[in-house]
Amino acid sequence: MSKTANILKKISEAGLVGRGGASYPTAAKWAAVKAALKNKKPGYIIVNGAEGEPGVKKDAYIFHHHAAAVINGVYLAEQFFGADKIKKIYIFLNREYYQLYSFSLKTVLADRPYEALGEKTEFFIKPDRLTYISGEETALLNLIEGKKVEPRRKPPYPTEQGLYGRPTLINNPETFYNVSLAAQNRYEGKRFYTISGLARRPGVYDLPANLTVEEILRQTGNYPAKAFFVQVGGGASGEIFNDEQLSVPAEGAGSIMIYDKKRTDWRKLFKHWLSFYQEQSCGQCAICREGSYRLRELMNQKQFNHKLFDEVVQSLEDTSFCGLGSSMAAPLKSYFANVKN
Amino acid sequence: MKLKINNKQITGRAGQTILEIARENGIEIPSLCYHPDLEVQANCRVCAVEIKGRINLATACSTVAVAGMEVLTDSPRVRQARRTNLELIFGAHVEKCGHCSYFYDCELLKLSRKYKVPINRFSDRKQGRRTYRFDQAVEVDGTQCFDCRNCVTACARQGINYLEVVGSGINQEIRPTRDKSIACVYCGQCTLHCPVAAAQEQGNWSAVEKILSAKDKIVVAQFAPAVRVSLGEEFGLPVGTNCEGKIYTALKRLGFAHVFDINFGADITTMTEAEEFMDRWRQPQAVWPLMTSCCPSWVAYAEFYHPELLPHLTTARSPHIHLAGAIKTYWAEKKKLDPKKIVVVSIVPCTAKKYEAARPELKWQKRKLVDYVLTVREFAYLIKKHNIDFRNLPDSDGEKLFNRGSGAAAIYGASGGVMESALRTVAALLAATGRTKPSGSTEHSPDQRLEFKEVRGLAGFKEATLVLNGRKIRLGVVNGLGNFSRILPKLQKYHYIEVMACPGGCLGGGGQPIPTTAAIRRKRWESLYNIDKNRLMRRAHENKPMLAYYARIKEQNLGARLLHTKFTKKRNPILTSSVDKRKLPFAF
């Protein structure tokens, strides 16, 4: 078995999935890019490491502690596709991460065996506005191409027609890190969790991916004594669970945000979420642009119009152009279902 | 490929979207931003449908159907999502229905009624938005725009890119570019593709309504070649119906004292242009190619983007300006009317004619020749507003001194038509010189050559070579400004070039009824050529009343003032913008 086929097998056997939030099987993505690159001009690799969602900090942790492994993962990808098949590698970071971690990443890239990889690697710093939407794969492509930062219609998927119309692999740094582990047969089925909010020991933890939220909270000493509820998978798009629903895994971007049940004013919380979405909405599709604005507006009304609110939320979930618009519905719906009586 | 829509077996072709298949099979899926002319944008989210096995709803316009798919287009879930999205869109659209010329056709309004959308739960969030006006032709009203971007895409398709999306989220705005190297050419394709009349013509209908009731004015109307084959669509008549006769009656019922057919003006244009062609033909050092100039949008384009081409443009005025000149001089004289009292209103499929009518060089005794210009849409609105039952109107006829023009005039409304009309007359003029030498199969005896099918059709760019009088004439036709770049590098190759700004020519003009699609353009196109085919008089130079007028102008030496015009290099067009401070009540 050739070396390159071997890595795909290892990724597949390790069961790696994308850690950006969508949990798409990594092996399938890599295979799709590989197939698309056949008989075609070279493509691109993008490390999507510009965490834009509140409550998620694990990419920072990974860059801090595992920069070499992330680069190794990128290197393995480049080798897998064939060095001549990859025109360029973009490492997409926000300004803060660039300031903190680009030095160590560059240091790794300057050393053997990554010099050639380093030559064609470029850091791309995320603009301060529209931080969330630019994390969406196709919006990110538009950003790099200098177009309006908006998601593209899919299909075609970036694996076939990505950056400048070429096949493009976009993975989260955690995914590249896991690839590096899998290649050395060291992947143990773990993932990174960001725990924040009403937590005694907030931070990023590296724990088995199959743990339940309750196990994670207890093992990290973060299980609150007070009445609480949690938001799992992202501080904006994550689903809300009450303290009796914690036997679920922490999915999405692996974050757990703990809220004080008594002291949380739900209207303030909703306004906080909706302000975020309203600001981050790119404006392309009517439902996300208008919906986020109107939901935010509804929060200011004395008499809360629950029916109208629900209608808009449902339509957001059902008809948004991209995943970010539809993800807006998750916290809103689940809060009503699981916490607010 | 078989799939199920609303539990019914339906066959579609591979690659078709759900929306296309549904519409082909008579299943109604509402949409706002979808337009077959434009690339799918899928941003209004109104065409959402349910697909079995999918978690979320999908937009029918952007989802390619696959075999075995099961689609529900009208389930309760779909209806609710649609209603919500329409309500949200309505919240971004300040209703000016009470005085909106799109009132009777507005798709948003129709859908809101159909889906019983509550329209007062959200406040108008765009109350303070700007309206941008491009000279006197077109405007984009930010208070009515719901950001579907069809105008931006339509403008890009014209190769202009004057309109841009600026900002993000709720602060997004459609705005004219600040790039000074780009200018609006008033073609109005933005207005033709706007689903809610946010991009629309700068209306003149209320001014016309007002002047019609003025006691001391003789208000006359003249309507353009392409109006007759499209107006019927506004009243549910089959696409392409020739409504010539009804148009006369409708205009008279609206109160116009006399009605003229711009086809007569088109014959004047053909004559003038053919003579100019002949002048150049006879000169050994003539400037080639000769380029048509009856499309005001193309003229605006040339004046701004390619001033070096201005010497190529024929100085012949455009048909409605020609006819207005004839009305205000020759006709007034014959009828013993004071030309100062005559008000000429043009009914045209065009927004750029509004700009053209105000051009300073097109004045007679310091007054505009054409006083007001209405688009087909404005005209239809007036008919509906005045409760005229257009479908059942009897036919009538117009002012007898001028006729309905030749067949060559009718095809002015189609891309290639102006050139063909001129060629018919050029061929005859050449024959009259008596130097025709027919030889070889590609050559035709010029006086017998009536049809020039090689320049017809709806392709974006057409070219042909004729042999007339032993000399080759190379022809090029640009159908839609977006195709101009295809001819630019090889301009010197041609003798005669026709450019129409709008796809299809005037039949696809920016002032035509909405919707205007490729299929509709095709029907209007066929109808125009049918009119030509059925006219006994098919060449401009056979039009005796026109020749009488033409001779008279020459005799009076008024050619420069009534037949010809001039062009000048232009800077950026006049852009004005304002905020409407009025609180507009919603009025159904």
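Chain A falls into three parts: domain 1 (3–183), domain 2 (190–260) and domain 3 (266–338). The model described here is predicted.

**Within chain A.** The centres of domain 1 of chain A and domain 2 of chain A, taken over C-alpha atoms, are 26 Å apart. Where these domains meet, domain 1 of chain A supplies 12 residues and domain 2 of chain A supplies 15 residues. On the domain 1 side, helix H3 (residues 58–81) of chain A gives the most, with three residues. That side of domain 1 of chain A has four nonpolar, three polar and five charged residues.

**Within chain B.** The domain assignment gives domain 1 (2–74), domain 2 (90–206 + 574–579) and domain 3 (217–562) of chain B. Between the centres of domain 2 of chain B and domain 3 of chain B, taken over C-alpha atoms, there are 30 Å. In this contact, 24 residues of domain 2 of chain B meet 31 residues of domain 3 of chain B. Helix H5 (residues 189–192) of chain B gives the most to the domain 2 side, with three residues.

**Between the chains.** Contact between the chains involves 26 residues of chain B and 27 residues of chain A. The chain B side draws most on helix H2 (residues 76–91) of chain B, which gives seven residues.

Notes:
Residues numbered from 1 in each chain as written. Chains lettered and ligands numbered in written order. Predicted model: local features only at pLDDT ≥ 70, side-chain atom pairs only at ≥ 80, totals over all residues. Domains from an automatic or database assignment. Contact = placed C-beta atoms within 7 Å. Helix = DSSP H or I, 4+ residues; strand = E, 2+ residues; numbered from the N terminus. Nonpolar A, V, L, I, M, F, W, Y, C, P; charged D, E, K, R; others polar.
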